[in-house]
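Here is a briefing on one structure.

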Amino acid sequence: MASSRLRWWLCLLLYCSLPALAWAAPVRAVLDRDTVQLGETVTLNLKVEGGSVGTPDLSVLDGDFEVLGTSSNSSLSIVNGKRTSEFTYGIALRPRHVGRLTIPAIALAGGTTAPVQLEVTAPDQQAAAGAGKDVFVEAVAEPRNAYVGQQMSYVVRLYFAASLSNGAMDEPQAEGAELSKLGDDSNYQAERGGRRYNVIERRYALIPQRPGQLQVGPVSFQGELIDMADPNSFFGSTRAMSAASAPVSVDVRAVPAAAGKTTWLPARALSLAMEAPPEPGQLRAGQPLNLTMTVQATGLPYESLPALSLPAIDGATVYPDKPVNGTRVDGAWLAGRRQQSFAVVPSKPGELVIPATTLTWWNVQTDKPEVARIPERRYTVLPAVGAPATAASAAAPAVTETPVAATSTAGATPWRWIALGSIGLWLITMLGWWALRRAKPAARRPAAKPAATSDRQRRAAFLAAARGNDAAAQAHSLLAWAQTERPGLVNLGALAQALASAPQREAIAALQKRLYATDGAAPSGAALAAAFRDGFQWRTAAAPPANPSGLPPLYPFKLD
């Protein structure tokens with residue numbers, strides 16, 4: 001009886017220990033490859049017999065590896081009537097550096113895996129192509145040596161022979177250089193090692209900022225390939241795949257001594273030009289001469305180009321317009337462009353000389369300095385319309401008086417008084433016309449001219465009027481210029497209320513005072529031109545004042 005009870009307790013203890021024995025099933029760690037190149041991925045499979053057993057702690061891998069993703073699956077097999085199940089936990093790893101790396105023990109399902117060794121070698125592009133790999137990455141810099149500030153073309157090419165399910169490629173990194181993407185990716189096919197590949201090409205502008213050795217790090221690709229040969233998948237299975245380019249080294253040279261101390265402009269091509277009328281038909285004092293200067297370079301962004309300007313010109317004032325700058329992509333190169341317009345207003349008749357302009361740059365294709373030049377221009381300036389003639393131009397031919405015999409003047413006296421009376425009446429008429437003109441200044445308008453439609457033309461017309469003595473013309477041209485930006489302005493008072501600049505409002509007040517003055521004060525156009533030299537300073541959008549006119553309201557009480 002006692003022996004039967006003992007056997008019963010032994011069987012019960014064995015039965016209760018079966019789950020524990022199953023939980024402590026052996027765990028194995030298996031790599032799909034024991035040697036990989038840096039940038040490639042490797043899959044670590046943790047295999048446990050008996051089914052799903054949870055999730056392992058992967059933090060022990062962070063030192064030497066980057067965990068890209070995980071997967072899991074279960075398999076069931078029956079051999080000779082014996083049923084066997086296995087649970088596999090897959091981990092996609094990417095090594096962080098070259099060397100012999102150790103995958104440490106990982107605890108799972110109550111067991112622990114044995115450490116596994118992995119050999120990581122440097123990437124070899126030629127070996128990758130010759131071995132017929134499905135995916136590899138190439139990177140190259142063109143040219144392989146350059147000057148500081150010179151743009152190079154950095155090209156990354158992704159080769160893949162199988163279909164990609166998805167993927168992403170890292171951005172290149174280079175310390176001591178500027179990198180910017182050029183245009184869109186290009187797609188084509190190429191043959192390497194007797195095998196045809198699809199190619200995705202991506203270009204960057206690489207501009208070194210200091211001399212010495214420049215290193216561009218490897219560019220990595222991570223994605224998934226579709227394996228149509230998998231017999232267990234009807235539509236084909238996917239597998240993780242990665243690759244990386246080799247680092248690129250560039251020899252960066254310092255600025256050569258032959259460049260001198262001028263602005264350093266290493267470019268493949270550079271041009272400097274000026275658009276101007278060859279000889280205006282009637283260039284007069286106070287009339288603007290419009291010039292447009294342009295510099296553009298291949299292999300430089302516009303930020304590297306110097307700002308354009310004109311030197312001081314004797315007998316004229318230069319008013320620059322707003323610059324127009326930009327950079328476009330010309331194939332594999334940046335093409336920077338700066339454009340600056342000027343209004344040159346001569347102040348006196350005579351010869352107007354626009355000095356020659358030069359710009360020294362370095363031709364990186366010939367490795368020699370070159371000079372871009374705008375030749376000198378000369379114009380003849382006539383006197384302003386209505387200006388008094390000079391002494392030379394006003395000189396009249398001498399009149400020779402022929403002596404006549406003395407005659408009696410008694411009969412000529414009435415005619416002399418008639419002539420003097422006619423001259424007096426004419427003088428009175430002229431004085432009355434002048435008084436009427438002073439009383440109605442708004443009626444004084446310059447002769448009709450073709451309307452200036454652009455902001456630059458109206459600005460130049462105002463500056464020309466400001467140099468004259470006609471206050472009405474100054475007010476008319478200033479309001480016309482302002483209406484190109486604010487069409488709703490109807491008079492100078494509305495313009496003054498719309499401006500945020502106190503000096504500009506004061507200049508308008510002084511102009512209005514001169515416009516309607518009766519004391520004969522001469523207008524000061526120089527101060528008016530100086531106030532608006534840089535354009536209008538408008539008020540920011542805000543609610544209008546409750547009582548802009550300053551008059552008491554018609555209804556002093558609020559009506560609901």
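**Helix packing and confidence in a predicted model**

Helices α5 and α6 are roughly antiparallel to each other, because angles over 145 degrees count as such. The model is predicted: local features need pLDDT of at least 70 and side-chain atom pairs count only at pLDDT 80 or more, while totals for chains, interfaces and linings use all residues. Residues are numbered from 1 along each chain as its sequence is written, and side-chain values use heavy atoms, with hydrogens and water left out.

**α5 against α6**

- α5 spans residues 455-466 and α6 spans residues 471-483. Helices here are DSSP runs (H or I, at least four residues), and strands are runs of E (at least two), numbered from the N terminus.
- The two helices pack at an angle of about 160 degrees, with axes 8 Å apart. Axes are lines fitted to C-alpha atoms, for helices over the stretch in contact, and angles run from 0 to 180 degrees between N-to-C directions.
- On the α5 side, the contact (heavy atoms within 4.5 Å) is made by D455, R458, R459, A461, F462, A465 and A466. α6 contributes A473, Q474, S477, L478, A480, W481 and Q483.
- These residues divide into 8 nonpolar, 3 polar and 3 charged. Ala, Val, Leu, Ile, Met, Phe, Trp, Tyr, Cys and Pro count as nonpolar, Asp, Glu, Lys and Arg as charged, and the others, Gly among them, as polar.

**α6 against α8**

- The axes of α6 and α8 (residues 502-515) come within 9 Å and cross at roughly 140 degrees. That makes α6 oblique to α8.
- A471, A472, Q474, A475 and L478 of α6 meet I508, L511, R514 and L515 of α8. The contact holds 7 nonpolar residues, 1 polar and 1 charged.

**A three-stranded sheet**

- An open sheet of 3 strands runs in the order β11-β19-β16, with mixed pairing. Two strands pair if DSSP finds at least two bridges between them.
- β11 (145-147) and β16 (212-216) are the edge strands.
- β16 pairs with β19 (residues 248-253) in the antiparallel sense over 5 bridges. V216 stands opposite V248 in β19.

**Confidence**

- The chain has a mean pLDDT (the predictor's confidence in each residue, from 0 to 100) of 78. Of its residues, 74% reach 70 or more.
- Confidence is lowest in α3 (residues 391-394), at a mean of 38. It is highest in β20 (residues 266-267), at 96.
- Residues 14-23 stay under 50, with 3 contacts beyond four places in sequence. Residues 441-452 also stay under 50, with 10 such contacts.

Technical notes. Angles under 35 degrees count as roughly parallel, over 145 as roughly antiparallel, 65 to 115 as roughly perpendicular and the rest as oblique.
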